[in-house]
Amino acid sequence: MRHLLLICLLSGAISAQSGNLGIFTNSGDVGGPAIKGSAEFSNGQYRITGSGANMFGKQDQFHYIWREVSGNFTIAATMRFLGQGADHRKAGIMVRQTLDTDAAYADVVIHGTGMPGLQWRSKQGEDTNVFDIPFDGPGTFRIQLVRTGVRIYMYIAKGGAEPKEIAHTEVSFRNPVLVGLAVCSHRTDASDTVVFSDVSVEAQAPARADLTLSLTGPGAISRHVAEFQCDEHAGALGLPSGPFAVEYVNGAGNSLAVVPVGGRSLIFSNVTSGSGARYAADRYIWWDAGSRGVHLYSDSLAGKAETSCHALSAN
Amino acid sequence: MRELLLMGLLAASAFAQAGKFGSFSNSDDIGAPPRKGAAEFDASTGQYKITGSGTDIWGKADQFHYVWREMSGNFAVTATAQFLTDGIAHRKAVLMLRKRLDADSPFVHLAIHGDGMPAVQFRNTKADDTNTVDFPIEGPGTWKLKLVRQGTTITVWVSKDGAPLRELGHTTNQLGSPVLVGLGVSSHTQEASNTVLFSDVSVEQ
C-alpha cells in the first residue's frame, strides 16, 4: 500500500512554491537564507539550488523540496553537485518534523568534499548530532534513507554501485513527517545547485497476518471495535496522531485489546486493576478507567510518557 | 531497546580502588547496580577482567562497571574485548569518555554489543537521552576497539577477530577536559553479570 498524502503545511515564514515537483508537493527555503533558492523538476531530474549558513547546530538554512509521509518509508536518490563551492556544502535526503528553522530532523547528506554524514537534531531547538563517514572524494552518490519506527538508516554508494547500509540512529518523530531533498551552500553569500535523479519515495506496506486462536472456556467470544483519538503526546508513545481503532476481544476468561502502537497491532491483555479495565503489552499500559478517561502510558519510555485519549465512537 | 533505568543515584563517594589497574587508576560500579561488579588487572599479561551488571548504558542514566583514569586534551585508547560469558544480545563492552561518575553524566563511548554490533553512543548533557549510531551486526567475536580524541573530534575504529582496524567514522563532542577515560561493562539486565576480557590495552596521550 502506497500512502500518498498531499497535504501542504505552509508556515507563513516559508516562501513555498508548488507546481510540477514530481513526487514531492512543495518546495521552499527554510530558515530564511539571504539568497533565495529554487527547485525545478524536468525529465525526471530535480535541479535544486540552495543557499544558507548551514544545516547544523541549533538551526538550519537551506532549500527544501518535500512531501508529507506517515509511518515507515524508504527514500532514495542519485545526486551530484554542479560547479565549485565550500568544502562543507551539503545536499541529501532529509526527514523533518516541521518547517521551523530549529525543527527536529534527520538527514543523510554528502558534503562537497564527498564526505557522507548522518546528522540529526532529536528535539526542536537542540544541537545537531553528527556522525561522518570515511570517504575518498567528490563524485556522484546514490543515497538512501530508511525509516523503521524510530530508526533512521543510512545507505550510501559512490558511482553506480548498489547502496550499502552504513549505520542507523534513532529519532522519535511524530507522524506525519516531511520527507524530501535538501541543498545548503554552507555560506550566506552564494548558492549551490545539485542535480538529483532516480528519486523514489516508498511508504512500506505494513505486513499483515491473520491470527486464529482456539479458546476453551465458558461463555461466547465477543469482539467489538472502538475508535479513539489521543492528545498531543500520542506520537511519543507511537500512537497515530489522528483517530485510530482499538479492537476488544473477550472470551474464555481472556480480555484483550489490540492497539496500533509503533505502526503495529500490539495485543494487550487485561491485568488486575482497581478501577476500569487495565491492559498491558510490552512496555505499555492501556487503561480504560471509564469516567476517569482512557490513557496509554509507559514507565520505561524516556520521560515516562503518557497520553490521554477519548473514545470517538463505538460499534 | 530504549529502556529507562531505575535511577541509580550514585553518591560521589564511590568506593574506588586505586593503584592496581595498569593504565587506569580506579574501578567502581556506576549507577549502583544491585549486583556488584569487579575488575582484576593481571600485570603479567596486561589483561583486564571486568565483570559488570546493570540495566544498560543508555537512556537518561546508566548502570555498569567502570575502570578509568582522568585525562585532558588529546589522546588515543585501544583495547581488544572478548565476552567470557553468555548473556543478553545487547550486553555491552565499551571504551568510554565520561564527564563524571554520576549515573546520568554526559559520556561518549565506542561499544561492542554481545551480538557483535558496534555502536557509537553519547549523552550530550546531564540526564539527557542517549544518542546512538548503530552499525550492521557482524556477529560475536574478539573485537579490537580504538578511539582517538583530537579537540572536539572523536574518531573510532573497529576490527573483528584479528582483521586490520577499519575506521567507522567520526563525531564531534563537547565533553571537554578533564574527562574520565576507561573501560566499561554492562550486562543489560540487573538479573545477571557479564565478564569481559580486555587485552592489548593502550592509553596514549
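What follows is a run of questions about the labels, each answered from the model.

Reader: How do you know how far to trust the coordinates of chain B?

Author: This is a predicted model, so the thing to look at is the predictor's own confidence, given per residue from 0 to 100. Chain B averages a pLDDT of 91, and 91% of the residues score at least 70. Over residues 1-18 of chain B, though, the pLDDT is below 50, even if that stretch has 46 contacts in the model beyond near neighbours in sequence. For the model, the scores are ipTM 0.86 and pTM 0.75.

Reader: What makes up the secondary structure of chain A, and what are the dimensions of its C-alpha trace?

Author: Strands: chain A has 24 of them and zero helices. The C-alpha trace spans about 75 × 40 × 35 Å along its principal axes. Of the contacts in chain A with a separation of 6 or more, 55% are between residues 24 or more positions apart.

Reader: Which domains does chain A have, and how do you know where they sit relative to each other?

Author: The domain assignment gives domain 1 (26-203) and domain 2 (222-314). The C-alpha centres of these two domains of chain A lie 36 Å apart. The contact takes six residues from domain 1 of chain A and six residues from domain 2 of chain A. On the domain 1 side, the residues divide into no nonpolar, five polar and one charged.

Reader: What makes the A and B chains count as touching?

Author: The test is C-beta atoms within 7 Å. By that test, 17 residues of chain A are in contact with 19 residues of chain B. On the chain A side, β11 (129-132) and β14 (164-170) each supply at least two residues, and β14(A) gives the largest share, five residues. By class, that side of chain A has eight nonpolar, five polar and four charged residues.

Reader: Why is β14(A) said to pair with a strand of the other chain?

Author: Because pairing takes at least two bridges. β14(A) and strand β11 (residues 131-134) of chain B have two bridges, in the antiparallel sense, so the pair meets that cut-off.

Reader: Why is β12 of chain B described as mostly covered?

Author: Strand β12 (residues 143-150) of chain B has eight residues, and six of them are buried. It's flanked by partners too: seven bridges join β12(B) to strand β7 (residues 75-83) of chain B, antiparallel, with B:Thr80 bridged to B:Lys144. Eight bridges, again antiparallel, join β12(B) to strand β13 (residues 153-160) of chain B. There, B:Leu145 stands opposite B:Val158.

Reader: What makes β12(B) and β13(B) a hairpin?

Author: They run antiparallel and have two residues between them. B:Gly151 in the turn has a positive phi of about 65°.

Reader: Which other strands of chain B form a hairpin?

Author: β2(B) and β3(B), with four residues between them; B:Gly46 in the turn has a positive phi of about 75°. Five bridges join strand β2 (residues 38-42) to strand β3 (residues 47-54), and B:Ala39 has B:Ile50 as its bridge partner. β3(B) is also joined by six bridges to the antiparallel strand β16 (residues 189-204) of chain B, where B:Gly54 stands opposite B:Thr189.

Definitions and conventions
Residues numbered from 1 in each chain as written. Chains lettered and ligands numbered in written order. Predicted model: local features only at pLDDT ≥ 70, side-chain atom pairs only at ≥ 80, totals over all residues. Domains from an automatic or database assignment. Contact = placed C-beta atoms within 7 Å. Nonpolar A, V, L, I, M, F, W, Y, C, P; charged D, E, K, R; others polar. Buried ≥ 20, exposed ≤ 12 C-beta atoms within 10 Å, placed from the backbone.
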